[in-house]
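Me: Could you take a close look at one part of this model for me and walk me through what sits around it?

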Amino acid sequence: MNSCWRDSKAWIEEGLPLSTGNNEACKLYDASLSQYVGWYDDPALGGLESSCKKLLASDPDFVMGKVLVYGLDLLGTGKSIRTDAKFKEDIEDLIALSEQTTLTNREKLHVEAINFWANGLMKKATNT
């Protein structure tokens, strides 16, 4: 298990700057993403679900944190904006936040893809 998660500077050095200066959010983003792609729960972090909750709490305006968590919700929980009013509101809030925040083009494309995906437009989401 990893114990040295990437902070804001490390993400910049990777060529993947994130739209938050909050190092805790950057590290929790790395931890959550690593657990998902590695298909494991890190007990030191309380697992993926706990990491995602901490990620959202660490910086409520961190667009890519929301993109990751909402994408996982779409993928694994069966959440839908058609049947879950709160989730629909979350997606709408993400879009509004992305329009008020300075984002990289990569981050903007991720928001666009999540919006397409949430609206059932899978082909558009994957082509974004």
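Reply: Helices here are DSSP runs (H or I, at least four residues), numbered from the N terminus. Keep in mind that this is a predicted model, where local features need pLDDT of at least 70, side-chain atom pairs count only at pLDDT 80 or more, and totals for chains, interfaces and linings use all residues. Residues are numbered from 1 along each chain as its sequence is written, and side-chain values use heavy atoms, with hydrogens and water left out.

Let's zoom in on H4, residues 63–76. Its 14 residues should span 20 Å at 1.5 Å a residue, which agrees with end C-alpha atoms 20 Å apart. Of those 14 residues, 12 are buried, so H4 is largely enclosed by the rest of the structure; buried means under 20% relative accessible area, with a 1.4 Å probe and protein chains only. Among the buried ones are Lys66, Tyr70 and Asp73. The cover over them includes helices H2 (23–38), H3 (47–58), H5 and H6 (105–118).

Tyrosine 70 also has a ring partner: it forms an edge-to-face aromatic pair with phenylalanine 87, at 6.0 Å centre to centre and 85° between the planes. (Rings of Phe, Tyr and Trp, the last by its six-membered ring, pair if their centres lie within 6.5 Å, and planes over 60 degrees apart count as edge-to-face.) Phenylalanine 87 sits in H5 (residues 85–100), 17 residues away from tyrosine 70, so the pair links distant parts of the chain. Phenylalanine 87 is buried too, like tyrosine 70. After H4 comes glycine 78, with a positive phi near 75°.

Definitions and conventions
Phe/Tyr/Trp six-rings, centres within 6.5 Å; stacked < 30°, edge-to-face > 60°. Helix = DSSP H or I, 4+ residues; strand = E, 2+ residues; numbered from the N terminus. Buried < 20%, exposed > 50% of the residue type's maximum accessible area, 1.4 Å probe, protein only. Expected span 1.5 Å × (residues − 1). Contact = heavy atoms within 4.5 Å.
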